[in-house]
Amino acid sequence: MSTTENPTEHGPEGSEKQNGFENPGLPYHRPRRADVDPKADKKAERQTAALFGVSIVGTIVAIGSYMALDMTDEIDSIRFVNMAIGIGIFLAMIGIGLGAIHWAKTLMRDHEMVEERHALRSSDEAREGAIQNLKDGAEDSGLGGVKRRPVLIGSMLTALLAAPLALLWPQIGNMGADWNISNFGHTMWRKGMRLTRDPDGTPIKASDVTIGSAFHVIPEGLNELEHHKIEEKAKAVVLLLRLDPRDLNLQPGREDWSFDGIIAFSKICTHVGCPVALYEQQTHHLLCPCHQSTFDVANGAKVVFGPAKRPLPQLPIAVDDEGYIVAQSDFHEPIGPSYWTRLHDTSDGLHADDDTEGSSH
Amino acid sequence: MGARLDSAAAGTANYIDERTSIGGFVKFFARKLFPDHWSFMLGEIALYSFIVLLLSGVFLTAFFVPSMTIVEYDGPLATMQGVEMSEAFASTLHMSFEVPGGLLMRQIHHWAALLFTAAIVTHMARVFFTGAFRKPRELNWLVGFTLMILSLAAGFSGYSLPDDVLSGNGLRIIEGVTRSIPIVGEYISYWIFGGEFPGEILIPRLFTMHILLVPGLILVLIALHLFLVFLHKHTQYPGGGRTHKNVVGLPLFPVYTAKAGGFFFVVFGIVALVAAIFTINPVWNYGPYDPSPVSAGTQPDWYILFVDGALRLMPGWLFDVIPMEWEIWGYTLSWNLLVPALILPGLFFGFLALYPWIEAWATGDRGEKHVLDRPRNAPVRTGIGVALITFYVVLVMEGSNDIIANLFHLSLNDLTYFFRIGIFVLPALAFWITRRICFGLQRKDRELVLHGKETGRIVRHEHGEYVEVHEPLTDEERWVLIQHDDIAPLEIEPEFNDRGVRRKGYRWDRFKQWLSRIYFEKRISPVTAEELAEAQEHGHH
Ligand code: HEM
Ligand code: FES
């Protein structure tokens, strides 16, 4: 390995010319204080040792804090213990780090050295050798050359390509559980099921719902589900609102889906599925906090701003004999974000092909 | 004592060498040279924060329970008493409030993750702007690019593990985006979640991904990355004595080992300090995942924010009349999800991955490049880089538009309208301005070479005029300003040969020429020796 050092007197002649200029060569080496002054040298050594000392103290602080300090249920005490250990670790680490760097900067030899580079390309000889070796191997095996065996090669490649499937097929096949993607299209809402408060599950009377109020709703019986409770909740959550009936523009075909200004919409955003729940009473706008899609509740929850395209699906509701609000049916379309086969699960004939849906304000 | 230690060391060395012939490697590596520059530490910061991630992560695995089984909370935190939550969330609370140092380790881990991603991105920017990706380092650029993508995967999978409301909403968004993929999206969603969202298996799956698959891949690729850095030998900035054929620096052992090794402890120390003082991701304030409650201002970690910004930016209705969700033959195609969440990041990252080749086509240069560019000497590349950063920053700002709107009392919707236009205009503007600044700096360099440095000393000439004295540059100073290549646009062979036959590959050449013109049509050449001689001649009159 040809290494040279930068000189204390004269730089080596630059061998390279560029734009007519000669490369001036390496700069002179400038000695540091510690290189020439023995006192500075001693001082740097003491400083470095002190920094390593800081690290040792830090380690003691960290372990000591862990052993000596008690954590109670108070958040403050927990914070304090963690902070004390953390500062110990900080000192333990930074002491070593700064010590090593100080040592390198002040005391280790700092003459820059030069090493030649060699082109990465292998020599022609080596390349020819490599090609020859591969050729010989191909010849020996029948992969190439005169005695090429195409049947063997073809069957081997096919086997190699197919074999991973033996592993992947069962693996991937199992990962999707029952693959029943039609679940996307339905929720647990059924005819006559009561709308109940989230999270305690108490039913809601029509008379409880005053104008301007909003209720976060889950279906009756959700809390008692043994399986898939959270999956069902993720689809079935509803917002129940009451507007002044004069403000509410009932959508064609949905005149009997609400009750005296009480109206229910899916809470799952039609953009990518966050819960939509910032309700502005004055404007009747619902805002999704994730990407700010804004839905106009007074007009069938149509999109008035943001990245969502479709209105929030409406849950048809009625009032039962005891005055509780109940669902008339499941949603008539899949709730939440769009997907390829969404329209297959849409049953009310109200999908966006006809002009009644969506908005353009 | 000293002598005994020496002989023990020699004995050990002999023992190992006789079984591994490691002596050759040590001889080779120990005095390997590394050029010194602060910007070469960015890659190191990425490496060190990754090590911190591994160390703190091992601590966390001892307490974290990757399970979505629902339990009732019964611990010291009064606000969570009796709340139903997954074991994942409960174990996160346990680790934070009942394990001394547990909260600290969580915070070290999270801060280190933020530093890791930030270091990778700035390291990548350094490599981009200095042209360190040019031959022979294109493949290492690809390795690095893959590492960047993996770091996003590592970050996102880790962020999701505690199963709190914020990370749950993040997963919900991923699920919505996945489902929007035509034909197979619904199946991919089922495949990831093991059924419907959120299912009961996702956290264990993410856990395996987060602590085994992704870090394993990162580890292997880091090894490959650093192996290639060794093989290529590090690049260097221009300076006297530095050429494309040599490397000037300090030896790996001891100087570089001490500096770089020491720097690891500095990075670890600083992360520990920040983690000791600043709370991050206080999941106990957010609560366990529940599909119903919302909190305003849900923000992912910074490195994912651009996707969130893109999702916010894209309107559901273009100009309020053209729907961005199409229904064709009974199937639904959601451009409002596909474009911002998949197509746009795909193009952005695809362009980045391929960039070394794009530039190689434009320059037509086949030589190895070991001396780095000063960014001003590659105005178009620098312009493209700043445009990409601007594009990214617009998305990040749109991703925090609610915070910005609050802070400056702006209308959220107006801000979004502004960014919808800005996403097209601002990067173009950034490109144009940056290129101009580069040209300006290049002109200034020429001035310096031709007329020397201003000294501030004013003298009066015999015939009465006042002039400032200019001091000529030293050879060293001048070399830095004139050492770069003056690249002209590609010349290509004509379309038809003498016999009027159309040449094969002509179209491809035309494309490269077109690209090359974009890069080099307008350029400012470095001063040549003749020009300088002439200027000096002139100056003496
Ligand atoms: C896990 C993430 C990464 C780690 C740990 C890492 C680490 C490093 C280190 C320690 C170096 C040598 C010092 C330096 O030049 O900074 C380096 C060089 C390099 N890295 Fe990375 N890096 C990472 C990601 C990336 C990315 C995202 C890119 C670009 C797409 C990239 C491209 C390069 C290139 C081309 C070099 C050679 C630079 C030269 O010789 O001038 N790396 N990397
Ligand atoms: S999820 Fe509601 S706006 Fe994106």
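Tutor: What follows is a discussion of the terms applied to this model and of the values behind them.

Tutor: The model is predicted: local features need pLDDT of at least 70, side-chain atom pairs count only at pLDDT 80 or more, and totals for chains, interfaces and linings use all residues. Residues are numbered from 1 along each chain as its sequence is written, chains are lettered from A and ligands numbered from 1 in the order in which they are written, and side-chain values use heavy atoms, with hydrogens and water left out.

Student: What makes a residue part of the surroundings of ligand 1, and how many residues surround it?

Tutor: A residue is near a molecule if one of its heavy atoms lies within 4 Å of it. For ligand 1 there are 24 such residues, and the closest are B:His123, B:Arg126, B:His225, B:His234 and B:Thr235.

Student: Why is the pair formed by B:Arg126 and ligand 1 called a polar contact?

Tutor: A polar contact is a pair of N or O atoms within 3.5 Å; within protein, one must be able to donate a hydrogen and the other to accept it, and residues adjacent in sequence count only if both atoms are side-chain atoms. A polar side-chain atom of B:Arg126 lies 2.7 Å from an oxygen atom of ligand 1, so the pair falls within the cut-off. For B:His234, a side-chain N or O atom is 2.7 Å from a ligand oxygen, and for B:Arg137 the distance is 3.3 Å. Helix 3 (41-61), helix 5 (102-129), helix 6 (138-160) and helix 9 (202-232) of chain B each give two or more residues to this shell. Helix 5 of chain B gives the most, with six residues. Here helices (H or I, at least four residues) and strands (E, at least two) are DSSP runs, numbered from the N terminus.

Student: How is the shell around ligand 1 divided by class?

Tutor: It has 15 nonpolar, six polar and three charged residues. Ala, Val, Leu, Ile, Met, Phe, Trp, Tyr, Cys and Pro count as nonpolar, Asp, Glu, Lys and Arg as charged, and the others, Gly among them, as polar.

Student: Why is B:Ile22 called partly exposed?

Tutor: Buried means under 20% relative accessible area, exposed over 50%, and partly exposed in between (1.4 Å probe, protein chains only). B:Ile22 has 37% relative accessibility, and therefore counts as partly exposed. This residue lies in helix 2 of chain B.

Student: Which salt bridge links B:Glu84 to chain A, and what makes it count?

Tutor: B:Glu84 pairs with A:Lys229, the closest N and O atoms being 3.4 Å apart. The pair crosses between chains, from strand 3 (residues 84-86) of chain B to helix 6 (residues 229-236) of chain A. B:Glu84 is partly exposed at 45%, and A:Lys229 is partly exposed at 26%.

Student: Why is A:Ala301 called buried?

Tutor: Its relative accessible area is 0%, so A:Ala301 is buried. A:Ala301 also has a positive phi of about 55° although it is not a glycine.

Note on methods
A salt bridge is a side-chain nitrogen of Lys or Arg within 4 Å of a carboxyl oxygen of Asp or Glu.
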